[in-house]
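I opened a new structure today and kept notes as I went. Here is what I looked up.

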Amino acid sequence: MSGGVAGSGSLSALRAASPVHQGGGTLKVGVVGIGGLGHMGIKFARALGAHVVAFTTTAAKSEAAMKLGAHEVVLSRDAEAMAKRVGTLDFILDTVSASHDLNALIACLKIDGTMTLVGAPDQPAPVSAFGLIFGRKRL
């Protein structure tokens, strides 16, 4: 996928959740995956005025995420760090193309929160319907 196409997919997902479309206020946006799409997601979310929380499995990517504009970085393999994020995000942009736990991320959404997947794992991901139903969350 070219950088232009990848970047536009990230931007369109973030624009749909931007404060302009949500009645104002500062959205808390999670960006999962600190790579090509994740880099663009962090930059776009920050430029749209969101409080940006980057999620990564690698502590080494924390500094890069902060330099790109993330306000916070969460190591997604740290259960305690993930527990602190439960119910705190308005929107999550998931850019990861490898298999990973979507349910743990869905739990981080507030009521009426949305998670958009722009990464494409090669295997279907199990998602708990209850995680979406309770809290009126969208995937």
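**Ground rules.** I am reading a predicted model, where local features need pLDDT of at least 70, side-chain atom pairs count only at pLDDT 80 or more, and totals for chains, interfaces and linings use all residues. Residues are numbered from 1 along each chain as its sequence is written, and side-chain values use heavy atoms, leaving out hydrogens and water.

**Confidence.** I checked pLDDT (the predictor's confidence in each residue, from 0 to 100). The chain averages 86, and 82% of the residues score at least 70. Strand β3 (residues 72-75) has the highest confidence, at 98, and helix α2 (residues 19-22) the lowest, at a mean of 47. Helices (H or I, at least four residues) and strands (E, at least two) are DSSP runs, numbered from the N terminus. Over residues 1-7, pLDDT stays under 50. I note that low-pLDDT coordinates should not be read in detail.

**Aromatic pair.** I found one aromatic pair in the structure. The ring centres of F130 and F134 are 5.7 Å apart and their planes lie at 10°, so the pair is stacked. (Rings of Phe, Tyr and Trp, its six-membered ring, pair with centres within 6.5 Å; planes under 30 degrees apart are stacked, over 60 edge-to-face, the rest tilted.)

**Exposure.** F130 and F134 are both exposed. I133 sits in helix α7 (residues 129-133) and counts as exposed because its relative accessibility is 55%. (Buried is under 20% relative accessible area, exposed over 50%, partly exposed in between, with a 1.4 Å probe and protein chains only.)

**Alanine.** A81 belongs to helix α5 (residues 79-85). At 21% relative accessible area, A81 is partly exposed.

Key: Contact means heavy atoms within 4.5 Å.
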